[in-house]
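I opened this entry to look up the nonpolar packing and some of the strand pairing. My notes follow the order in which I checked things.

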Amino acid sequence: MNTSIADLRKSYERAELNEDASHPAPLQQFDQWLQEAIKAQIPEPNAMTLATVGSDLRPSTRIVLIKGYDERGIVWFTNYDSRKGRQIAGNPFAALQFHWVELERVVRIEGTVEKVSDEESDAYFASRPLDSRIGAWASPQSQVIAGRSVLVANAAKYGAQFLLNPPRPPHWGGYRLKPEQWEFWQGRKSRLHDRLRYRLDGGEWVRERLAP
């Protein structure tokens, strides 16, 4: 007999998060947790859910990979003509979420999104493997295609055209989310989880605890 999903339970007891042990600035707290996730060798610690909202006011999510972060924000790269790109163009507010299951941790980030500079996009594109650079040309992301053969044919066409030096497509580049709010969630026993929120107030980060 299959187990009912309603009966699935987990006790969260790996760690704690409190005001004394956390950093006063969210970027430093994020850096610590991300580095700990990398060192723990959990699967894809750089994967994050990106949530956007289209003109129809319906939210959509997908997984993207963080490629950089600093005081300016969180960076990822994608096709500007994709569904997420079109939604960001019409509504530049978005949310990110990291879920490091093995560490019983979640990080949520909300803010505004802008494109990174052409120089940043060019530099990252040049660092990608050749197949990935060709793939950026080959895939009309989020568009309906007849089958996988379309992608294979496109990859062959652009591979022959560009050889070893494909330029960055004009429809491909980076986005940066500028955080206005962070939340750090640490699973705790008896569902009394730790939640610390950082929000901007007059240009300064205010740290406060939320009830789980």
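Predicted model: local features only at pLDDT ≥ 70, side-chain atom pairs only at ≥ 80, totals over all residues.

**Main core.** I looked for the largest nonpolar core and found one of 29 residues. Phe30, Trp76, Trp100, Val107 and Trp182 have the most contacts inside it. I then asked which elements supply at least two residues each. The list is helix H1 (26-39) and strands E1 (47-53), E4 (73-79), E5 (93-100), E6 (105-115), E7 (172-186) and E8 (194-201). H1 gives the most, with five residues. As general background, nonpolar side chains in soluble globular proteins tend to be buried together.

I noted another core, apart from the largest one, with seven residues. Val75, Phe125, Ala136 and Trp172 are among them.

**E1 and its partners.** I checked E1 against E2 (residues 59-65). The two strands run antiparallel and are joined by seven bridges. They form a hairpin with five residues between them. In the turn, leucine 57 has a positive phi of about 65°. I also checked E1 against E5: this pair is antiparallel too, over three bridges.

**Ala51.** Which residues pair with alanine 51? In E2, its bridge partner is threonine 61. In E5, alanine 51 stands opposite alanine 95.

Methods: Residues numbered from 1 in each chain as written. Heavy atoms only, no water. Core = buried A, V, L, I, M, F, W, Y, C linked by side-chain atoms within 4.5 Å. Buried < 20%, exposed > 50% of the residue type's maximum accessible area, 1.4 Å probe, protein only. Helix = DSSP H or I, 4+ residues; strand = E, 2+ residues; numbered from the N terminus. Pairing = 2+ DSSP bridges.
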